[in-house]
Amino acid sequence: EGTPWRIENGVLYGLNKRTWIFSAKEYGDFVLKLETMITRGSNGGIGLRFPPDGDPAYTAMEIQVVDHEVYYGGSSQPNQRTGSIYDEIAPSKEVVKPAGEWNSWEITCRGSRVMIVLNGQKIIDEDLAMHTEPRQQKGPALAKRPLKGHIGFQNLNGSITLRNIMIKPLDDGEAGFAP
């Protein structure tokens with residue numbers, strides 16, 4: 001009670017609080033599948049391989065989930081839009097569905113390579129080891145960020161809803177996807 005997150009019928013709801021919720025387990029190489037939906041003006045994210053302390057956007061990676069037209073007042077940079085590795089790498093194209101509609105994700109992390117497929121279209125396929133210069137003043141270069149850590153979800157502003165969250169570890173011999 002009082003938590004900014006709730007689960008109902010297998011759906012995870014972020015309730016308009018500036019918070020992260022994260023996995024108990026750490027993951028290295030994996031495929032993460034999920035669906036997200038945000039309300040108009042919302043900002044949230046998918047955190048990958050982050051330590052339990054600090055802001056995942058700067059200590060590891062945050063995949064941005066945002067209504068950028070409203071949240072940024074029409075002045076967002078491409079590397080701040082949905083599907084970007086926040087403040088680092090912009091998606092190759094915009095394929096996000098508008099606020100109020102479900103978006104389908106498949107995110108693969110294998111070593112330093114990260115591939116993001118949004119709504120069936122590849123929007124990022126990068127080797128983070130090639131990004132040796134920091135772009136942000138708040139965090140190290142992507143090449144120096146962890147290759148293992150927690151997975152989590154952010155609700156910064158508005159509301160984010162997630163469902164069908166499944167992960168398939170690629171580095172520990174587990175077979176298939178697990179919720």
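Trainee: I've got this predicted model open. Which residues does Ile-107 touch, leaving out those up to four places away in sequence?

Mentor: Start with the general idea: in soluble globular proteins, nonpolar side chains tend to be buried together. Now the case here. Ile-107 touches Phe-30, Val-31, Leu-32, Ile-46, Leu-48, Ile-63, Met-115 and Ile-116, once residues up to four places away in sequence are set aside.

Trainee: And which residues touch the most other members of the largest nonpolar core?

Mentor: That core has 30 residues, and the ones touching the most other members are Leu-32, Ile-46, Leu-48, Ile-85, Trp-105, Ile-107 and Ile-116. Strands E4, E5, E6, E7, E8, E9, E10 and E11 each put in at least two residues. E4 gives the most, with 4 residues.

Trainee: What does the second core include?

Mentor: It's a separate set of 5 residues, including Ala-57, Tyr-58, Val-66 and Tyr-86.

Trainee: Back to E4. Why is it described as largely enclosed by the rest of the structure?

Mentor: Count the buried residues, meaning those under 20% relative accessible area. In E4, 7 of the 9 residues are buried, so the strand is largely enclosed by the rest of the structure.

Trainee: Which way do E4 and E7 run, parallel or antiparallel?

Mentor: A handy idea first: in a regular strand the side chains alternate between the two faces of the sheet. As for direction, E4 and E7 run antiparallel, joined by 7 bridges. Look for Glu-35, which stands opposite Ser-104 in E7. E4 also pairs with E11 in the antiparallel sense, over 8 bridges. There, Thr-36 has Leu-162 of E11 as its bridge partner.

Methods. Residues numbered from 1 in each chain as written. Predicted model: local features only at pLDDT ≥ 70, side-chain atom pairs only at ≥ 80, totals over all residues. Heavy atoms only, no water. Core = buried A, V, L, I, M, F, W, Y, C linked by side-chain atoms within 4.5 Å. Buried < 20%, exposed > 50% of the residue type's maximum accessible area, 1.4 Å probe, protein only. Contact = heavy atoms within 4.5 Å. Pairing = 2+ DSSP bridges.
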